[in-house]
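Trainee: I'd like to go through this model and ask where its labels come from. Can we take them one at a time?

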Amino acid sequence: RSSDLAKEEAEQREYEEYLKLKESFVVEEEGLDEALTEEESRSLLTEFVNYIKNTKVVLLEDLGSHFGLRAQDAINRIQSLLSDGTITGVIDDRGKFIYITPEELRAVAQFIRQRGRVSITELAQASNSLINLS
């Protein structure tokens, strides 16, 4: 049993090293450009959005690697989805995106309207009960 676990962990480490190595390669140009069909592209976008909504708190690096993107590309995609209103949430200073449902956003807005002037600390404390992080 423990040898199976050790083998599994070794395989996992090997795979992670492979992914790091794979990321380090830069492809300047490719031969045949396999453009995704519009349907495939839409499906991938839906999968991306659903992953964010279901995960709730997403490490941007993990999001990128999950979808075969560089972390910066994942951030750019999230910012684009935020600006067009597809998703709502915040990117924190530790490289995480926190998805906030429209209902949670309304609850935060309601809290601010009821309280009037609110400090960042008060808002953070209230957000802990208004926003579900799991």
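Trainee: Why does tyrosine 51 count as partly exposed?

Mentor: Buried means under 20% relative accessible area, exposed over 50%, and partly exposed in between, with a 1.4 Å probe and protein chains only. Tyrosine 51 has 24% relative accessibility, so it counts as partly exposed. Before we go on, this is a predicted model, where local features need pLDDT of at least 70, side-chain atom pairs count only at pLDDT 80 or more, and totals for chains, interfaces and linings use all residues. Residues are numbered from 1 along each chain as its sequence is written, and side-chain values use heavy atoms, with hydrogens and water left out.

Trainee: And why is phenylalanine 67 called buried?

Mentor: Its relative accessible area is 14%, so phenylalanine 67 is buried. Phenylalanine 48 is buried too.

Trainee: How many aromatic pairs does a search of the whole structure find?

Mentor: Two. Phenylalanine 48 and phenylalanine 67 make an edge-to-face pair, at 5.1 Å centre to centre and 65° between the planes. Phenylalanine 48 sits in helix 2 (residues 38–55), while phenylalanine 67 is in the loop between helix 3 (60–66) and helix 4 (71–83), 19 residues apart. Helices here are DSSP runs of H or I with at least four residues, strands are runs of E with at least two, and both are numbered from the N terminus. Tyrosine 51 and phenylalanine 67 form an aromatic pair as well, at 5.6 Å and 85°.

Trainee: Which way do strand 2 and strand 3 run, and how many bridges join them?

Mentor: They run antiparallel, with three bridges joining strand 2 (residues 89–91) to strand 3. Two strands pair if DSSP finds at least two bridges between them, so three bridges are enough. Valine 90 stands opposite isoleucine 98 in strand 3. Strand 1 (residues 57–59) is also joined to strand 3 by three bridges, again antiparallel, and there leucine 59 has lysine 96 as its bridge partner.

Trainee: Aspartate 92 lies in the loop between strand 2 and strand 3. Buried or exposed?

Mentor: Buried, because its relative accessibility is 18%. The C-alpha atoms of aspartate 92 and leucine 59 are separated by 9.8 Å, though these residues are 33 apart along the chain.

Trainee: How do you know that threonine 101 is buried?

Mentor: Its relative accessible area is 19%, so threonine 101 is buried. Threonine 101 has its place in the loop between strand 3 and helix 5. Leaving aside residues up to four places away in sequence, threonine 101 touches Lys56 and Thr88, where contact means heavy atoms within 4.5 Å.

Terms used. Phe/Tyr/Trp six-rings, centres within 6.5 Å; stacked < 30°, edge-to-face > 60°.
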